[in-house]
Each structure stands twice: as C-alpha cells, then as structure tokens.
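Let's walk through a structure together, one feature at a time. Have the 3D view open as we go.

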Amino acid sequence: MSIFRQSFYCLMACLLTLSACAGDTTKVATNGPVPDPDNGGIKLPAGFGGQIVADKVGRVRHIFVNSNGDLYAKLEKLKDGKGIVRLRDKNGDGKFDETVGFGNFIGTGMAIKNGYLYASSNTEVFRYKLDEKNEVPDGAQPEKIITGLWDHHQHEAKPFTLDNNGNIYVTIGAPSNCCQVQDRVKGSPGQSPCPILDSAGGIWQFKVDKTNQSYAEGVRYATGLRNVMGLDWNTAVNSLYVTQHGRDQLFQFYPEMYSQKEGAENPSEEMFKVKLGSDCGWPYCYYDYTKKQKVLNPEYGGDRTKAGDCGSKEQSIVQFPGHLAPNDLLFYTGDMFPEKYKNGAFIAFHGSWNRAPEPQAGFFVVFVPFGKDGMPNGNWDVFADGFAGADINKAAYRPCGLAQGPDGSLYISDDNQGRIWRITYKK
Amino acid sequence: MKLIVGIFCLLALSLCAFTLPQQSGLKASKDRGKIVYDTYCLACHMQDGGGAPRMNPPLIKTKFVLGDKKKLIGIVMNGLSGVEVEGEDYSNVMAPHNFLTDQQIADVLTYVRNSFGNKASAVTVAEVKAARPKK
C-alpha cells in the first residue's frame, strides 16, 4: 500500500469517527457534570463550580431534588397551563434535558418526604403519592391536605417544611406592613392587639396525612412573624428555623427618626429558631440593625430606644441588613462540600426594593456556619453572588429557592427568568 | 391697512403670550412635581419610574399613567392594591395620598406623565379639584 493510499484511509477513518461522535447527542456523559467555564455567570468561593442546569423554566419559586436526581420546581405563574415542573437529566451531564409539567395551580412551596411530593398554592397545600418509579405518575390527582388559608394579595405565598414526625409547617404571611389601622398610611397607629395574628403573621402546624385541614385543625406553632419565606427543619437538632422579611418604610414614615441610609438598612431581616409558642415580636417589635437591639416599632410608641416588652419576645439568632428578602433556607446535610458547611445554613436572598434611592442590594446566597448545638458559630458570609448582573437596580436573576442533590450538590433557582444553577465542590 | 397690520400684531402677540406661559407652566409644574415624586413616590416606584417586579407597578408608558386622567387622579387620592398592569400582578399596597394638595397632585401627575419616556398632557389643578370628593 502506498503511503498516499494509507494516509487517505486513515483520514477517512478519522472523519467517520468524528462524524459519528458529532451525530451522537444521546451519548451518556461518562465524566459526569462539569461546571461551566464561567461558573454560570456567578461568583463562588474557591474550589466551588457553578453550572447552569436549566433556563427559562418559568417563575421558579421553591425547588426540591428527589433521591433519583429529578428536580421539582414550583411555579408562581402557570407555564403551558402547568404550575409544577419536573426536570430530569437523562444523559448524566448535569443539565436537565427533559421537562414535564403537571398541576394546575400557582404557588411557592415544594418538598418531597416519605414517598409524597408536597406543593402549595397561595391558600392550600396538596400532596401527590410517588409511584414505584419514584415519580409522580402521569395524570395523578393530588390530595388536598390543607385549605382555606388567607390570601389577601400581600405576603400571600405559602412556603412550608416538614419534620420527621408527620407534621408540616406552613407560613401564613401577614397581609400588612406593620398592622396599622390603615396599612402603609403614614401616621396611622398600630393596632394593639393586632387582630391579624389570629389568622396570619406566623407559622401553622398541620398533619401531613389528613385532608382538608384548615385553621380549626391546625396549631399556631409560632407567631409574631410578618412574612417567612425561608423555613427548614434542622434534623441535626430537630428544630424549626425560619427567616423573616422585616417591615418596610421606616424612613418614609419616620424621617425624623431614621436617615435615608438607616431606613435602607432597617429593620434587620432576621433568622429565628422557633419552638411551639414562640412569639417573634411582629408587629410590636423590630430588630434595629444600626443599634443592634430589638426595640418597639414607632407605630407602637417606639423611639429607637424604648424596648417595651420586646426583650421577652423570641430573639433572633442571625441578623442581616434590611430589605434583602431571605426567600429560602436550607440546612446542608451533604458530604460533597468541605466540613465547615455540614449542618450550616444556606439562605437565598431575593434582593431588595425598599432601599431607593440607595442602590438595591441582596440578590445573593449567604452561608451561616452552625455548631452541633444548632446555633450559629461564626459570621454569615456571601456564598454565591453576581446574580443581579451589571445593573443592581435591574437585577437579571433573583435567587428564590434552594435544594440539595443526592450527591450533596446545591441547587439555586431564580424566579425572574427561570434559571437553575447547580453548585459542586471538587477537592 | 395700518389697522389690519395692528390687529395682526396684536393677535400674534396674544398668541405668543398664550403659548409661552403654557410651556413654561408645564416645566414649572414638572419641576414642582419632581419634588413631590421624590418625597412620596420614589421609594416604591423608583427613580426611573420602573417600579419593583411583582411588588410596585412601573409608571412607564402604561395605560394607567397615559390614559384616563380622572382615574389616575383617583389612584393618587384613594390608593390601590393588588393591581394587574400590562399582564403582571403587583401585590404591594399603595396608601391613599389624599393629604396632598390639588396643586401637588396636579404637579406630580404632570411630572409622571412627562418623565420616564412618557409624553402626555399636563394634569391641571381644576381637574384634580373636580375629581376630589365633595365634602
């Protein structure tokens, strides 16, 4: 065989191989998920990688990853008539390549526990039984376990979490800023006692396996919480932890008491460890970020110094600057991340609006280290940042949901454009 | 002939006199309106009128801002909540701003209707007065 002919055959073989590879899009990735070269456009600590695993999914609020790696997303607005989306990675490259929608209700809450998928609308909680394939079967009809909760178009989302004893904890947000006689009217006094607290402004506990429960069947587990978007059951210490959205408009209503900058940073967004009967203080008290103290709200006679009986309320365990909107909370139990992350808390901040004309802030994911006693043992730190993009006042992406994958990776959802990132760590 | 020229001049002068204050009146009203806006509106609707997603509606080229002035005056006076604007829901509560004077409401709406890319007729004190509930 001439060298010429040998080269020709070789070239043909090469071309054939190349074209075969190029045409084979269903090929199973053997190397597993690989972070994007730019970490999916977000900033992460050294050693961590980010990968965009889904995009344009819809208004993704809370998410949950099943033990088989399927990700379920709750949508705030129906997409193609569906309010829940199941995403599946069929070829093992980390990116979700199959989307199945079901459920005809909008909402926020999403979780899987003991063979059931739970999802909430703004007034109800439903559950779907998973089948032998560990998924929600086609055409499955959910049980309605909770119904008739308040939805007055303000703080109407119903995020929830579950414990290991058959209970579900549901936020009922207060449809109010500070329980004034006239909501958000400058000078209108605070109502005392605040009548909203009978039906909202707290966390209610229900049973997971009873249908059509409402206020009469539920227990007001914790009160004095204006609006909790992030809540998680910390299995390390068997306790409920929540993150509250604090009140708005301190500077706008009381410019004589707060500078514009103080109004932008007050009150603190707070994280509480709550137990049955906890009263966290809203609407009477708030945590002053500048003065580092829980004091009376001005609608209740506060002057930034008077504490009233705020000292007897449940005290928060972590305080953040005002208005950053902590939208989800997740205690990390995986083995992928370094040791300091174990049993610590990730918090997804949705970002602010009540800081103008100061620049908006938030739009990041924070990490709080926790000790074995279930209390923070270090300062909070920004873990993932850069979601807002170039213009902080026109945030491109807004973190809203967190979930942990079976391998210990962390998922972050955005409800502005429907993007989902997967965060991995490589030693 | 002189008389005709004279009448023409007078007419022209009165026209000028009529249009010039109108334009400067709009500018003055906008300038006053900006102060009202920065004090009472900016915190929610933002410096650029863009609002806050799903919380506070934008004021940029929406039918609420550019449409029926009487309705718009009513929103400032009575407040608004749970509103849908251009297909998006906004959940925050806008308080009634009936404590503003007729002049302040006219000015701030003139400012809003002629800022953020909007271009629409001014809102006058007379229009606000007519929309205010009779005591």
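**Reading strands, cores and contacts**

Q: Why can strand 21 (residues 326-331) of chain A be called largely enclosed by the rest of the structure?
A: This is a predicted model, and in it six of the six residues of strand 21 of chain A are buried, so the strand is largely enclosed by the rest of the structure.

Q: Which sense of pairing joins strand 21 of chain A and strand 22 of chain A, parallel or antiparallel?
A: The two strands pair in the antiparallel sense, over five bridges.

Q: How should I read a nonpolar core?
A: In soluble globular proteins, nonpolar side chains tend to be buried together. Here the largest nonpolar core has 100 residues, and the members touching the most other members are Ala73(A), Val170(A), Ile203(A) and Tyr411(A). Strand 22 (residues 345-349) of chain A gives this core its largest share, five residues. There is also a second, separate core of 22 residues, with Tyr37(B), Ala52(B), Leu72(B) and Ile73(B) among them.

Q: Which residues does Tyr411(A) touch, not counting residues up to four places away in sequence?
A: With those neighbours left out, the contacts of Tyr411(A) include Ile63(A), Val65(A), Leu71(A), Leu402(A) and Ala403(A). Gly405(A), Ile420(A), Trp421(A) and Arg422(A) are also touched by Tyr411(A).

Q: What is the order of the strands in the open sheet of four strands in chain A?
A: The order is 6-7-8-9, with antiparallel pairing. At the edges are strand 6 (110-113) and strand 9 (143-146) of chain A, each pairing on one side only. From one strand to the next, the twist averages 30°. Strand 8 (residues 125-129) of chain A pairs with strand 9 of chain A over three bridges, and Val125(A) stands opposite Ile146(A) of strand 9.

Q: How can I check the length of a helix, such as helix 5 (residues 102-113) of chain B?
A: Compare the expected span with the distance between the end C-alpha atoms: at 1.5 Å a residue, the 12 residues of helix 5 of chain B should span 16 Å, and the ends are 16 Å apart, which agrees. This helix is mostly covered, with 10 of its 12 residues buried. Among them are Gln104(B), Asp107(B) and Arg113(B).

Q: How many residues of chain A are in contact with chain B?
A: 14 residues of chain A are in contact with 15 residues of chain B. The chain A side divides into four nonpolar, seven polar and three charged residues.

Key
Residues numbered from 1 in each chain as written. Chains lettered and ligands numbered in written order. Predicted model: local features only at pLDDT ≥ 70, side-chain atom pairs only at ≥ 80, totals over all residues. Expected span 1.5 Å × (residues − 1). Buried ≥ 20, exposed ≤ 12 C-beta atoms within 10 Å, placed from the backbone. Pairing = 2+ DSSP bridges. Axes fitted to C-alpha atoms, helices over the stretch in contact; angles between N-to-C directions. Contact = placed C-beta atoms within 7 Å. Nonpolar A, V, L, I, M, F, W, Y, C, P; charged D, E, K, R; others polar. Core = buried A, V, L, I, M, F, W, Y, C linked by C-beta atoms within 7 Å.
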